Amino acid sequence: MVFITSYEKDYVTSNLHLWATEIYNFAKDNGVSAVHFHDKHKSKATKDNVEKYLSKKNPKFVFISGHGDEEKVCGHKDEPIFIFNHNEHFLKNKIVYIVACGSGEKLGYSIVDNGKAKAFIGYKKRFCMPYNEGRECTPLKNDLVTAIKETSNAIPESIIKGKTVNESINSARIKGFKWRKDFQRRDPIDKAETILWVLHYNISCLFPYGDLNASR
Amino acid sequence: MPYSEDIKELVIQRIKVMPSDIKLCFGGDEMILSQKDMIELIKSNDEIGEEIIEMHLDYLRSIKTTVI
């Protein structure tokens with residue numbers, strides 16, 4: 001079973017919510033039962049709802065996306081759902097992937113060391129993405145957002161398929177590498193190379209911790 | 001860490017050649033930065049400006065080890 005949380009408060013969280021929804025659908029399509037708490041679900045991604053759910057059910061993989069920092073990750077209305085040195089024990093024996101700025105710092109270590117999660121994957125620094133002002137689209141901006149999404153989503157997709165944490169990280173790096181090659185081979189007029197540093201940055205901030213051979 | 005003027009100028013020039021309509025989101029909505037914003041943060045030795053420099057340097061270093 002897979003447990004997912006996301007919410008839509010601003011540009012970044014709305015994007016992350018769409019990505020999380022894709023993972024929910026991916027799990028269903030692959031015959032894996034999945035539960036997704038979000039703003040339009042009867043159970044929103046609040047700390048109480050998440051704790052209640054995890055105390056009753058035992059999903060092997062937990063995927064959380066939202067704003068955060070080194071000590072917390074947020075849910076509905078930007079309220080913290082997991083907090084450093086507070087409620088990591090709800091993640092015991094699970095593989096946890098958190099897409100949030102700085103989640104790979106104090107919170108990530110604590111989820112494994114104190115919360116006894118099998119493994120954690122997060123981001124050491126800020127999570128960065130292009131901003132679509134007025135939602136207008138250009139192929140380059142679309143492709144960069146797609147590249148960042150596919151790189152990030154390669155991790156939960158791999159875990160859902162039964163791959164190990166290490167293998168899921170590798171799949172994200174391979175996905176990122178393929179996009180990198182694609183951008184580098186484009187006509188210089190597109191200026192695709194000039195924004196590759198954003199994709200590289202997100203991949204380089206990926207941080208796995210715990211049992212890297214663990215699988216769902 | 002404080003970066004030399006040469007390094008700052010290198011990154012500023014790299015930012016200037018980005019497509020002008022691209023803004024980047026470094027976290028929440030309060031951290032949506034245009035090219036001009038990024039350049040200002042670098043020039044003013046802001047913490048975010050230094051992070052942007054680090055991002056560029058890390059990418060440039062990676063080019064050496066990436067086979068195309």
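This is a predicted model: local features need pLDDT of at least 70, side-chain atom pairs count only at pLDDT 80 or more; totals for chains, interfaces and linings use all residues.
Three strands form an open sheet in the order β9(A)-β1(B)-β2(B), and their pairing is antiparallel. As a reminder, strands of a sheet pair through backbone hydrogen bonds, either parallel or antiparallel.

Let us look at the pairing between the chains. Strand β9 of chain A, residues 128–131, is joined to β1(B) by four bridges, and the two run antiparallel. A:M129 stands opposite B:C25 in β1(B), and the bridge partner of A:Y131 in β1(B) is B:K23.

I turn now to chain B as a whole. Chain B contains three helices and two strands, and from the N terminus on its elements run α-β-β-α-α. Its C-alpha atoms fill a box of roughly 35 × 25 × 20 Å, taken along the principal axes. Chain B has 68 residues, of which 24% count as buried. Among the contacts in chain B with a separation of 6 or more, 41% are between residues 24 or more positions apart.

How many residues of chain B are in contact with chain A? There are 20, and they meet 25 residues of chain A. On the side of chain B that touches chain A, the elements giving two or more residues are β1 (23–26) and α3 (47–65) of chain B. The largest share of that side, five residues, comes from α3(B). By residue class, the side of chain B that touches chain A divides into eleven nonpolar, four polar and five charged residues.

The next point concerns helix packing between the chains. Two packed helices are described by the angle between their axes and the distance between the axes. Helix α6 of chain A, residues 196–204, packs against α3(B) at an angle of about 90°, with the axes 9 Å apart. The helices α6(A) and α3(B) are therefore roughly perpendicular to each other. From α6(A), the contact is made by A:L196, A:W197, A:H200, A:Y201 and A:S204; from α3(B), by B:M55, B:H56, B:D58, B:Y59 and B:S62. The residues of this contact comprise five nonpolar, four polar and one charged.

We now move to chain A. An open sheet of six strands in chain A has the order β2-β1-β3-β7-β8-β10, with mixed pairing. Which strands stand at the edges? They are β2 (34–37) and β10 (206–210) of chain A; each has a single partner strand, so one side of each is left without a neighbour in the sheet. From one strand to the next, the twist averages 10°. Strand β1 of chain A, residues 2–5, pairs with β2(A) in the parallel sense over four bridges, and within that pairing A:V35 in β2(A) is the bridge partner of A:F3.

Helix α1 of chain A, residues 11–29, lies across β1, β2, β3 (61–65) and β7 (95–99) of chain A, and runs at about 160° to β2(A). One residue in this helix is A:A27. Is A:A27 buried or exposed? A:A27 has 24 other C-beta atoms within 10 Å, and the cut-off for a buried residue is 20 or more, so A:A27 is buried. Leaving aside neighbours within four places in sequence, A:A27 is in contact with A:V2, A:V32, A:A34 and A:I160. A:V2 lies 25 residues from A:A27 along the chain, and their C-alpha atoms are separated by 7.6 Å.

I close with the largest nonpolar core. This core has 76 residues, and those with the most contacts inside it are A:F63 and A:V96. Its largest share, eight residues, comes from helix α4 of chain A, residues 139–160. What is A:F63 in contact with, leaving aside its neighbours within four places in sequence? The residues are A:V2, A:I4, A:A20, A:I23, A:Y97 and A:P156. A:V2 therefore belongs to two of the contact lists I have read out, since by the 7 Å cut-off between C-beta atoms it is in contact with A:A27 and with A:F63.

Key:
Residues are numbered from 1 along each chain as its sequence is written. Chains are lettered from A and ligands numbered from 1 in the order in which they are written. A residue is buried if 20 or more other C-beta atoms lie within 10 Å of its own, exposed if 12 or fewer, and partly exposed in between; C-beta atoms are placed from the backbone. Ala, Val, Leu, Ile, Met, Phe, Trp, Tyr, Cys and Pro count as nonpolar, Asp, Glu, Lys and Arg as charged, and the others, Gly among them, as polar. Two strands pair if DSSP finds at least two bridges between them. Axes are lines fitted to C-alpha atoms, for helices over the stretch in contact, and angles run from 0 to 180 degrees between N-to-C directions. Angles under 35 degrees count as roughly parallel, over 145 as roughly antiparallel, 65 to 115 as roughly perpendicular and the rest as oblique. A nonpolar core is a set of buried Ala, Val, Leu, Ile, Met, Phe, Trp, Tyr and Cys residues joined through C-beta atoms within 7 Å.
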